[in-house]
Amino acid sequence: MASEISHQHQLHVYIFPVTAQGHMIPMINIAKLFAARGVKTTIISTPLNAITLAKTLHHDRLSGLDINIETIPFPSVEVGLPEGIESINQITSPDMIPKLFLAVTMLQQPFEKLLEKYRPDFLVADMFLPWTTEAAEKFGIPRFIFHSTNIFSQCVAESLRINKPFENITSDKKSFLVPELPDKIEMTKSQVPEYLIASGSFLSTVMEKIRESEQKSYGVLVNGFCELEPAYADHYKNVMGIRAWQIGPLSLGNAGNEKKSSIEEHNVLKWLDCKKPNSVIYVSFGSISKLPNDQLTEIATGLEESGSPFIWVVRKSMTDTDENYLPQGFEERMEEKGLIIREWAPQVLILDHPAVGGFMTHCGWNSILEGITAGVPMITWPMFAEQFYNEKFVTQVLKIGSQIGAEEWQDWVETENVSVKKEKISKAVTRLMSEDGEENEEMRKRVAELSEKAKRAVREDGSSHLQFTALIEELKMSKK
Ligand code: UDP
C-alpha cells in the first residue's frame with residue numbers, strides 16, 4: 001500500500017519483451033541489470049517462450065538474482081495462427097504478421113489483471129507493445145519503452161516523418177539529405193521505409209501507434225552509451241522531447257545468450273586461434289533475415305574470391321528449402337579458409353576474438369553494437385526495419401565501416417532476389433581486410449577507441465552505470 005512505502009521499499013519492475021531474438025536478448029540483459037541492483041524483476045512471457053526463458057535464467061536465479069517469470073496464455077489459434085506459434089522468429093510468411101500483432105494485442109486484458117493484482121512500480125515494455133502505456137497508466141504505473149535500437153535511428157525516422165525530404169525526389173537512387181540533424185546524413189528514396197512514403201498500410205498504422213505511445217511514456221531505455229551518440233541524445237531530449245537512459249552495451253553484462261550455439265564454442269575459438277590477428281571476416285545477417293539460394297551462392301563465391309579467411313553463419317530458415325546453394329567443391333576448397341556455422345553462432349565470442357578483423361552485417365542494432373564493443377570495423381548490408389539508418393550511422397557518423405551497396409528497403413525479412421553481386425562482395429571484403437591503406441587504418445583506430453569507451457561505460461564510474469543508477473534513484477524517490 002502506498003502509505004506503507006518506506007525508504008526501504010524494494011522496487012518491483014515488470015519487463016515485457018516481444019519474442020524476437022534481437023529484442024529478447026537485450027531485454028533479458030536489462031532484466032538482469034535491474035535484478036543485480038536489488039530490484040525485484042518479473043519477466044512477462046507466454047507458455048512456450050517461458051520454457052526457454054526459464055532455462056536461460058536458471059543459473060542467474062541460482063546465483064541469487066531475483067528474477068521471476070509470469071506467464072500469459074497466447075491466443076495463436078484464436079487469431080488463425082497454427083498452434084504453438086508465439087514469436088516473430090516462428091513466422092514463415094508476411095500474412096502471419098497482422099495475426100501475430102492481433103494476438104499480442106489480445107494480451108492486454110490478462111496483462112491488466114496482473115498489473116492490478118501485483119502492482120509493480122514500473123514497466124519496461126517492448127516498442128511493439130504500444131498498448132502497454134495505456135494499460136500501465138490505468139494503475140498509475142510508469143512505462144518505459146525499449147526499441148532495441150540506437151537514438152540516431154529514432155532521430156532520422158522522426159525527421160523523415162515530419163519533413164518528408166523524399167517527396168519531391170523523382171529518382172529512387174538519387175541521394176538526398178535528411179534535414180535538421182546534427183550531421184549531414186545522406187540516403188536514397190529506395191532506402192526509406194515504405195510506410196513513411198505511403199500511409200495507410202498495416203505497418204504505417206503500427207508505427208504510428210508506437211510513436212503515440214512513446215509520446216505518452218515515461219521514457220526510453222537505450223542499448224547504447226552516451227559517448228557513442230551525444231549529439232543525438234541531445235536532439236532526442238531537446239528537439240523531440242523524449243527522455244532516454246543509455247545503459248549499454250547490454251552484451252557486456254553477458255557474453256552468452258539464451259539460444260544454444262549449434263557449434264561447440266571451443267571449436268570455433270580453436271579454429272580462430274590458428275588464424276592471424278585481424279585476418280578473419282565474420283559474416284552474419286542476424287536472427288531472422290531470409291536470403292534466397294542465389295544470393296547465398298553469390299556470397300559464397302564472393303568470399304572465396306576475396307581470399308580472406310571467413311566465418312559465415314547460415315541459418316536453415318535463411319535458405320530456400322533445398323539448401324542447395326554452395327558452389328561445387330566449395331567446402332573442400334574452403335576447408336582451411338572458411339568456417340560455415342549452420343544455425344546459431346556464438347556471435348559475441350567470435351567478434352571478441354583477436355583473429356576477427358571485419359564484420360559483414362545486416363545492420364541489426366545489436367550486431368552493430370557488439371561489433372563496436374569488440375572494436376571490429378564493418379561492411380554494411382542493411383535489409384529491413386531501421387537497418388538503413390543504422391548503416392548511415394556506421395558509415396557517415398562514426399565512420400567505422402563501408403557500405404556494400406544495398407539499395408532497397410524491404411518490408412519483410414525475406415530478400416526476394418539477388419541484391420548484391422559477388423563482385424561487390426569480394427571487393428568490399430578485400431578492401432576491408434587488406435592491411436594497408438590510410439582509410440582502413442583510420443577506421444580501425446576509430447572503432448578501437450569506441451570499443452574502449454564502450455567498455456568504460458559499463459564500469460562502476462562509467463556513463464551507462466551512472467545513468468542506470470540515476471534512473472533507479474529517481475524511481476525510488478518517486479515511491480517515497
Ligand atoms: N545472434 C547470435 N548468433 C547468431 C545470430 C544472431 O548470437 O547466429 C545474436 C546477435 O549476437 C545479436 C542478435 O542475435 O545479439 C541479433 O540481433 P540484431 O539486432 O543484430 O538483428 P536481428 O536478428 O534482430 O535482425
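The model is predicted: local features need pLDDT of at least 70, side-chain atom pairs count only at pLDDT 80 or more, and totals for chains, interfaces and linings use all residues. Residues are numbered from 1 along each chain as its sequence is written.

Start with confidence. pLDDT is the predictor's confidence in each residue, from 0 to 100. The chain has a mean pLDDT of 94, and 97% of its residues reach 70 or more. For the complex, the predictor gives an ipTM of 1.00 and a pTM of 0.96. Residues 1-6 stay under 50. The model has 1 contact beyond four places in sequence for them; a contact means that the C-beta atoms of two residues, placed from the backbone, lie within 7 Å. Where pLDDT is low, the predicted coordinates should not be read in detail.

Now the sheet. Helices (H or I, at least four residues) and strands (E, at least two) are DSSP runs, numbered from the N terminus. Two strands pair if DSSP finds at least two bridges between them. Here, 7 strands form an open, parallel sheet in the order β3-β2-β1-β4-β5-β8-β9. Its edges are β3 (67-71) and β9 (244-246), each pairing on one side only. Neighbouring strands are turned by 25° against each other on average, direction ignored. Helix α2 (residues 47-62) packs on the sheet and touches β2 (40-45) and β3. The direction of α2 makes about 170° with that of β3. Axes are lines fitted to C-alpha atoms, for helices over the stretch in contact, and angles run from 0 to 180 degrees between N-to-C directions. Within the sheet, 4 bridges join β4 (residues 122-126) to β5 (residues 143-146). One partner pair is L123 with R143 in β5.

Turn to the ligand. It is surrounded by 18 residues, the closest being G22, G286, S287, G364 and S367. Two or more residues come from each of α1 (21-36), α13 (347-352) and α14 (365-374). α14 gives the most, with 4 residues.

Two loops hold local features. The peptide bond from G248 to P249 is cis, with omega near -5°. P249 lies in the loop between β9 and α10 (265-273). E180, in the loop between β6 (175-177) and β7 (186-188), has a positive phi near 55° although E180 is not glycine.

Terms used. A residue is near a molecule or strand if its C-beta atom, placed from the backbone, lies within 6 Å of it.
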